Amino acid sequence: MDPVYEKLRSCYQSCRERTDFQPKIALVLGSGLGEFAERIRIESVIEYSDIQGFPQSTVTGHRGRFVFGYVGSVPVVIMQGRVHYYEGYAMSDVVLPIRLMGLLGATVLFLTNAAGGIRKDFQAGTLMLLKDQISSFVPSPLIGANIEELGVRFPDMTEIYSRDLQEIIEWQAKEQEIPLQKGVYIQFTGPAYESPAEVQMARLLGADACGMSTACEAVAGHHMGMQVCGISCITNMASGITDRPLSHQEVQETANRIGKQFQTLVWHSIEAMGKER
Ligand code: HPA
């Protein structure tokens with residue numbers, strides 16, 4: 001068996017020894033959204049460190065566990081803490097948790113993150129619905145032997161972010177009176193924030209926000225047939241857009257400030273998605 005698939009299967013077995021929970025929706029929590037997991041009706045929790053071979057998140061402020069439970073009546077699995085490429089893991093390890101949640105039964109992948117705002121009409125605190133992405137600056141998670149059990153060798157990427165799910169989220173934002181922008185996300189490797197010239201390049205390429213996660217996860221989820229959606233919390237304007245230097249502290253502060261609104265939008269969107277599935 002392909003070693004990447006073998007590891008995935010073994011992590012799957014390890015989870016199944018601990019829970020038989022069947023999630024419909026997989027949610028990845030970015031900075032500042034972490035406490036969302038504590039608001040749901042929790043059925044079980046698996047620490048990443050209890051899954052043999054599972055990549056461990058090393059960033060302070062990021063936890064490392066799967067939380068299984070219900071948002072209203074919708075069964076979900078939540079990643080409280082994700083793994084980033086800049087932590088030194090192979091891309092196949094970075095997306096292993098996404099694939100694992102797919103194998104556990106999730107048909108929807110809901111990605112969230114903190115991101116730098118590139119578009120000038122954004123500001124710290126803007127929420128941006130992802131309509132497309134640029135992942136060309138990080139290695140594809142699909143490089144290597146194709147795992148036929150998951151998807152095809154040359155997957156179509158015309159609609160990485162499901163239009164149906166975008167509509168649901170936009171509708172919920174209106175209902176909840178939460179301002180929501182829409183844009184293109186670009187993933188860089190990090191861990192350094194971008195230089196102003198890199199941000200200008202990203203702008204010319206059509207990106208509205210930049211970050212260090214998400215796009216690779218969306219590719220892996222879409223490859224295996226999950227319906228994908230994503231929301232960025234613009235925690236700061238990207239480098240050079242304003243003359244303020246960037247700091248992880250500002251990112252965390254904005255994420256905490258907007259956290260409640262962000263959580264409300266995610267909560268209602270998941271409930272609405274659950275009804276349609
Ligand atoms: N750049 C990259 N990643 C980020 C940023 C940024 O400006 N803000 C939060 N995550």
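Which side chain meets R119 in a salt bridge? That's D121, at 3.0 Å from N to O, where a salt bridge is a side-chain nitrogen of Lys or Arg within 4 Å of a carboxyl oxygen of Asp or Glu.

Okay, some ground rules. This is a predicted model, so local features need pLDDT of at least 70 and side-chain atom pairs count only at pLDDT 80 or more, while totals for chains, interfaces and linings use all residues. Residues are numbered from 1 along each chain as its sequence is written, and side-chain values use heavy atoms, with hydrogens and water left out.

Of the 277 residues, 56% count as buried. Buried means under 20% relative accessible area, exposed is over 50%, and partly exposed is in between, using a 1.4 Å probe and protein chains only.

Back to the salt bridges: the structure holds 10. Take R65 and E38, at 3.2 Å from N to O. R65 sits in strand β3 (residues 65-71) and E38 in helix α2 (residues 36-39), so this pair ties together parts 27 residues apart in sequence. R65 is buried at 11% relative accessible area, but E38 is partly exposed at 44%.

Then there's E217 with R82, closest N and O atoms 2.8 Å apart. E217 is in helix α7 (residues 215-223) and R82 in the loop between β4 (74-80) and α3 (91-94), so they link parts 135 residues apart in sequence. Both E217 and R82 are buried.

Terms used
Helix = DSSP H or I, 4+ residues; strand = E, 2+ residues; numbered from the N terminus.
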